[in-house]
Amino acid sequence: MSAIRVAVLSDIHGNAAALDAVKVQLQRERPDFVVVAGDLVMNGPDPAAAVDGVRELEAAGALVISGNTDIAVGDFDFAAAFPWFTDGVPESYRAAAEWAHDALGDDRVAWLRRLPAERRLWCEDTLVLVCHASPGSQTLGFDPALDPNVVLERLARTDARVICCGHTHLPEVRDLGWKMIVNDGSAGYVFDGEPTASWAMLEIDGDQVTAEIRRTPFDELAVANAISARGLPGDVYRAATVRSGKLVR
């Protein structure tokens, strides 16, 4: 039996140009499954096109879940979406969420609200969990600098052999033997210094599980200029982040 291939992408953040570039790659690669691990619309210049692109993937069989910023856009529950802001969510975050909500329209917002927080996929005898940040959480991620004991604690919240996630915007494959974390990074708003769309390809062949990070170029300058032209609070930093591939704030 041939190996099962699963494409993993997340954190599109309203960057439809990056998503379209990844979708071209997916058409060439023809994986067995596609999973999309949340944070679909907030920050980028074209949330409606991003949702439409993800819904096309979903119609073709992709598993799609919600991320923390999707909660902010869909329902304006800022405390749930950004619990680390204990003194209140900055106005730039609120403005971006409200703008994306309005840009989506009622049908797309209703779809966004219906997305589950997690999905599970059986690949023969291997269980794959699709979550946004970590098992059971849309906000507590697998930061590369996280204490190893905390990593183990978060991994223990699922029986899945493979955890596919995003949230940190830092692509990484972490194979711990008994479990593997596949953090695809961000297909639209990456923070590792390479301004391309980051995603991952997981391959399961019997007991053997491997994964690799893929990078897909897109017109980052055009996307950055579109963000700048929008003129929301914080857009100068969002544009610089897309242009540089590094978090600017």
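**Exercise 1.** In this predicted model, find the strand order of the open sheet of 5 strands. Then say which strands stand at the edges.

*Solution.* Step 1: the order is β4-β5-β6-β8-β7, and the pairing is mixed. Step 2: the edge strands are β4 (118–123) and β7 (172–175). Each has a single partner strand, so one side of each lacks a neighbour in the sheet. Step 3: on average, neighbouring strands of this sheet are turned by 15 degrees against each other, direction ignored.

**Exercise 2.** Do β4 and β5 pair in the parallel or antiparallel sense, and over how many bridges?

*Solution.* Step 1: recall that strands of a sheet pair through backbone hydrogen bonds, in a parallel or an antiparallel way. Step 2: β4 and β5 (residues 126–131) are antiparallel, with 6 bridges.

**Exercise 3.** Where does H13 lie, and is it buried or exposed?

*Solution.* Step 1: most residues other than glycine have a negative phi. Step 2: H13 is not a glycine, yet its phi is positive, near 55 degrees. Step 3: H13 sits in the loop between β1 (4–9) and α1 (16–29). Step 4: buried means under 20% relative accessible area. H13 has 3%, so it is buried.

**Exercise 4.** Repeat the analysis for N43: which loop holds it, and is it buried or exposed?

*Solution.* Step 1: N43 is not a glycine, but its phi is positive, about 100 degrees. Step 2: its loop runs between β2 (33–37) and α2 (47–59). Step 3: the relative accessible area of N43 is 11%, so N43 is buried.

Technical notes:
Residues are numbered from 1 along each chain as its sequence is written. This is a predicted model: local features need pLDDT of at least 70, side-chain atom pairs count only at pLDDT 80 or more; totals for chains, interfaces and linings use all residues. Side-chain values use heavy atoms; hydrogens and water are left out. Helices (H or I, at least four residues) and strands (E, at least two) are DSSP runs, numbered from the N terminus. Buried means under 20% relative accessible area, exposed over 50%, partly exposed in between (1.4 Å probe, protein chains only). Two strands pair if DSSP finds at least two bridges between them. Axes are lines fitted to C-alpha atoms, for helices over the stretch in contact, and angles run from 0 to 180 degrees between N-to-C directions.
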